[in-house]
Amino acid sequence: MQPTDKPKDKLTTRVTVREATFTLLRSLGMTTVFGNPGSTELGFLHDWPSDFRYILGLQESTVVAMADGYAQATGSAAFVNLHSAAGVGHALGSIYTAYRNQTPLVITAGQQARALLPLRPFLGAAAAAEFPKPYVKWSCEPARGQDVPRAIAQAHAIAMQKPCGPTFVSIPADDWQAPAEPVGVWPKSRDFAPDPEFLRQVVQAIDASRRPVMIIGAAVARDEASGLAVELAERLSASVWVAPLTSRAGFPEDHPLFAGFLPAAPEPLARILAEHDLVLVLGAPAFTFHVPGDLTRFQSGPPIYQITDDADAAAAAIAGTSVLGTMRLSLRALLSAVAVVERQPPARRDPAPRILSSDPIPAAFVMQTIADLRRPGSVVVEEAPSHKEALQRHLPITDGGFHCMASGGLGYGLPAAVGIALAKPSRPVVCIIGDGSAMYAIQALWTAAQHGLPLAVVVLNNGGYGAMRAFSQLMRSSAPPGIDLPGLDFPALAAGHACAAIRVRRAEELAPALSRAFAGSGPMLVEVVVDRAVPGLYGLG
């Protein structure tokens with residue numbers, strides 16, 4: 001060996017944690033980063049690579065909700081970079097929603113330098129990995145800086161395992177320049193088929209039924225299995241209902257077998273199911289409720305068979321047989337096994353009556369007008385709890401293009417619509433949101449404006465939290481404090497975020513305003529002052 005032929009130091013073949021992380025993110029297809037930067041993240045953010053896109057949100061909850069919409073639209077995990085303890089705290093509401101939405105997110109957050117952590121430093125996060133629990137599938141703060149890329153790879157794999165969900169990695173500020181080994185990415189199977197013996201029981205029960213009903217949950221849409229669900233419903237001549245409070249559209253609402261939306265209250269839901277001799281729940285809990293009631297009716301009613309990719313949902317089922325399996329494989333297995341049995345097709349759902357123009361403007365008239373005017377293929381994002389039933393009745397979703405939050409926590413709709421528009425810029429997005437809901441994340445308008453997104457935001461202004469008015473009426477109590485919202489000026493708020501806007505007070509102004517918003521290439525907000533009348537709630541008086 002010549003003197004110049006020295007063996008290479010192993011460290012010289014290594015890269016930094018930052019370099020290894022960017023290489024990993026490229027291989028995982030996560031080159032869009034959602035964030036709100038702070039000093040503890042600068043080691044990651046400096047000298048930003050040109051092949052990465054940084055999406056700035058003006059508050060951390062907005063950042064996570066934008067990433068949630070983006071991940072749902074792409075079907076792949078989105079990458080989020082939050083600020084240290086306070087930033088994660090700001091984001092927790094949206095992390096909870098992402099968990100309930102079963103959205104795959106890899107959430108990272110800055111942490112103070114390791115040498116400072118014993119000293120209770122400024123921006124230090126005590127027990128950082130515990131902070132977002134229990135609403136992440138997995139979380140860690142790596143014991144060594146060199147372990148950060150591998151932790152992110154593991155976070156991605158767990159986020160994408162079904163049921164999907166957010167994961168969390170806390171990264172001390174001085175880890176980014178530590179030496180690390182590159183991390184490889186290996187193929188991982190994510191679908192799983194139902195147990196053959198349990199599936200045989202389901203098939204036997206289906207073949208013996210004469211009046212089956214199918215209940216469709218969000219997992220059918222997440223697995224892009226709506227076409228298989230349609231084929232199965234037609235094979236069975238089964239009525240099809242949407243599961244209570246479902247966040248995605250898994251069955252075309254103009255199909256002759258579509259029956260409607262199940263209420264999130266036990267008694268009216270049980271009455272609907274009692275008309276059938278078998279209940280097949282696909283990709284949904286059995287069941288999600290918003291008000292209490294008599295659950296014993298489900299144990300004495302028709303047999304319930306649930307197929308879900310969520311073991312927790314199966315464990316929580318109040319009655320019936322639960323089978324674990326992802327939707328595509330499960331539906332294919334059912335279609336290959338169920339017999340062709342002659343059944344009487346169910347009666348077709350009555351079409352919604354046309355709503356006449358009137359002032360003050362009924363929310364149902366707004367939904368009907370949106371249905372008339374929105375562009376083909378546009379995505380609808382909803383966060384208007386007061387007007388959900390009007391939307392379900394007068395704005396049918398026929399192509400799966402629908403998103404709402406599964407958590408009940410406000411602040412998802414507007415930033416999620418921004419994230420969806422970022423993921424699918426050729427597909428216009430319509431965000432239908434209440435005045436109370438809009439104020440949770442109004443700053444998402446700024447991100448939409450900065451990126452020139454094709455987004456129409458329709459704010460239904462009924463002067464307060466209308467759902468709270470409905471619950472007060474249901475409970476026969478006097479109106480509680482804090483439900484009225486006077487003085488909000490949404491066109492002014494939009495203008496302050498560089499977004500075009502218009503206010504509609506009269507029914508005759510609605511169609512021109514919506515047409516303008518739907519035709520635009522950038523974002524526009526349309527505030528519609530609607531009737532303050534209290535809507536119905538789950539069929540309860």
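Colleague: Which residues of helix 6 meet A333, L334 and A337 in helix 12?

Modeller: This is a predicted model, in which local features need pLDDT of at least 70 and side-chain atom pairs count only at pLDDT 80 or more, whereas totals for chains, interfaces and linings use all residues. Residues are numbered from 1 along each chain as its sequence is written, and side-chain values use heavy atoms, with hydrogens and water left out. Helices (H or I, at least four residues) and strands (E, at least two) are DSSP runs numbered from the N terminus, and contact means heavy atoms within 4.5 Å. On that basis, the residues of helix 6 that meet A333, L334 and A337 in helix 12 are L199, V202, V203, I206 and D207.

Colleague: How many residues of the contact of helix 6 with helix 12 are nonpolar?

Modeller: Ala, Val, Leu, Ile, Met, Phe, Trp, Tyr, Cys and Pro count as nonpolar, Asp, Glu, Lys and Arg as charged, and the others, Gly among them, as polar. In the contact of helix 6 with helix 12 there are no polar residues and one charged residue, and the number of nonpolar residues is seven.

Colleague: Is the crossing of helix 6 and helix 12 left-handed or right-handed?

Modeller: The axes (lines fitted to C-alpha atoms, for helices over the stretch in contact, with angles from 0 to 180 degrees between N-to-C directions) come within 10 Å and cross at roughly 50 degrees. That makes helix 6 oblique to helix 12, given that angles under 35 degrees count as roughly parallel, over 145 as roughly antiparallel, 65 to 115 as roughly perpendicular and the rest as oblique. A crossing is left-handed if the near helix is turned anticlockwise from the far one by less than a right angle, and right-handed if clockwise; the crossing of helix 6 and helix 12 is right-handed.

Colleague: At what angle do helix 8 and helix 12 pack, and how many residues of their contact are charged?

Modeller: The axes of helix 8 and helix 12 lie 10 Å apart, and the angle between the helices is about 25 degrees, which makes helix 8 roughly parallel to helix 12. Helix 8 passes helix 12 in a left-handed crossing. The contact joins L228, A229, E231, L232 and R235 of helix 8 to R328, L331, R332, L334 and L335 of helix 12. Of these residues, six are nonpolar and none is polar, and the number of charged ones is four.

Colleague: Which residues of helix 8 are buried?

Modeller: Buried means under 20% relative accessible area, exposed over 50%, and partly exposed in between, with a 1.4 Å probe and protein chains only. The buried residues of helix 8 (226-236) pack against elements including helix 6, strand 9 and helix 12, and the helix is followed by S237, whose phi is positive, near 50 degrees. The buried residues of helix 8 are L228, A229, V230, L232, A233 and L236.

Colleague: Why is strand 9 largely enclosed by the rest of the structure?

Modeller: In a regular strand the side chains alternate between the two faces of the sheet. In strand 9, P212, M214 and I216 on one side and V213 and I215 on the other are all buried. Strand 9 is therefore largely enclosed by the rest of the structure, the number of its five residues that are buried being five.

Colleague: In strand 10, which residue is the bridge partner of I215?

Modeller: Two strands pair if DSSP finds at least two bridges between them. Strand 9 pairs with strand 12 in the parallel sense over five bridges, with V213 opposite V279. Strand 9 also runs parallel to strand 10, to which four bridges join it, and there the partner of I215 is W241.

Colleague: Is T447 buried or exposed?

Modeller: T447 lies in helix 17 (residues 444-451). Not counting residues up to four places away in sequence, T447 touches I55, L56, G57, M66 and V418. With a relative accessibility of 0%, T447 counts as buried.
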